[in-house]
Amino acid sequence: MSVPPIPLRKAIKLTTDELKQFEGTYALSILFAITVTVEDGKLMAQATGQDKYQIFPESATKFF
């Protein structure tokens, strides 16, 4: 059985102002949230109790 390869995602460039519209804390439950910030022109996400990681835009509203 052949398994298709995972498609490569390609990040696009958004301005700092475009990225800033996503800043905030997104509560997924009473005890768990994801905080999104812009740092040095990069969009960062940090889940409750976890490390902070960069997330990348693949469109104006979709990130990976």
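**Salt bridges and their surroundings**

Guide: Glutamate 39 is partly exposed, with a relative accessible area of 31%; here buried means under 20% relative accessible area, exposed over 50%, and partly exposed in between, computed with a 1.4 Å probe on protein chains only. The model is predicted, and local features need pLDDT of at least 70, side-chain atom pairs count only at pLDDT 80 or more, and totals for chains, interfaces and linings use all residues. Residues are numbered from 1 along each chain as its sequence is written, and side-chain values use heavy atoms, with hydrogens and water left out.

The partner of glutamate 39 is lysine 52: the two form a salt bridge whose closest N and O atoms are 2.6 Å apart. A salt bridge is a side-chain nitrogen of Lys or Arg within 4 Å of a carboxyl oxygen of Asp or Glu. Because glutamate 39 belongs to strand β2 (residues 33–39) and lysine 52 to strand β4 (residues 52–55), the pair ties together parts that are 13 residues apart in sequence. Strands (E, at least two residues) and helices (H or I, at least four) are DSSP runs, numbered from the N terminus. Lysine 52 is likewise partly exposed, at 35% relative accessible area.

Aspartate 40 is placed in the loop between β2 and β3 (42–47). Its phi is near 55°, a positive value in a residue other than glycine. With 80% relative accessibility, aspartate 40 counts as exposed.

The structure holds 4 salt bridges. One of them joins the side chains of glutamate 23 and lysine 20, at 3.9 Å from N to O. Glutamate 23 is partly exposed at 35% relative accessible area, and lysine 20 is partly exposed at 39%. Another salt bridge links glutamate 58 with lysine 62, their closest N and O atoms being 3.7 Å apart. Salt bridges that share partners join Arg9, Glu58 and Lys62 into one network. In general, side chains of opposite charge can pair when their charged atoms come close.

Valine 38 touches Lys20 and Glu23, and also Thr16, Leu19 and Leu43, not counting residues up to four places away in sequence; contact means heavy atoms within 4.5 Å. Valine 38 also belongs to the largest nonpolar core, whose 7 residues include Leu14, Phe22 and Val36. The elements that give two or more residues to this core are β2 and β3. A nonpolar core is a set of buried Ala, Val, Leu, Ile, Met, Phe, Trp, Tyr and Cys residues joined through side-chain atoms within 4.5 Å.
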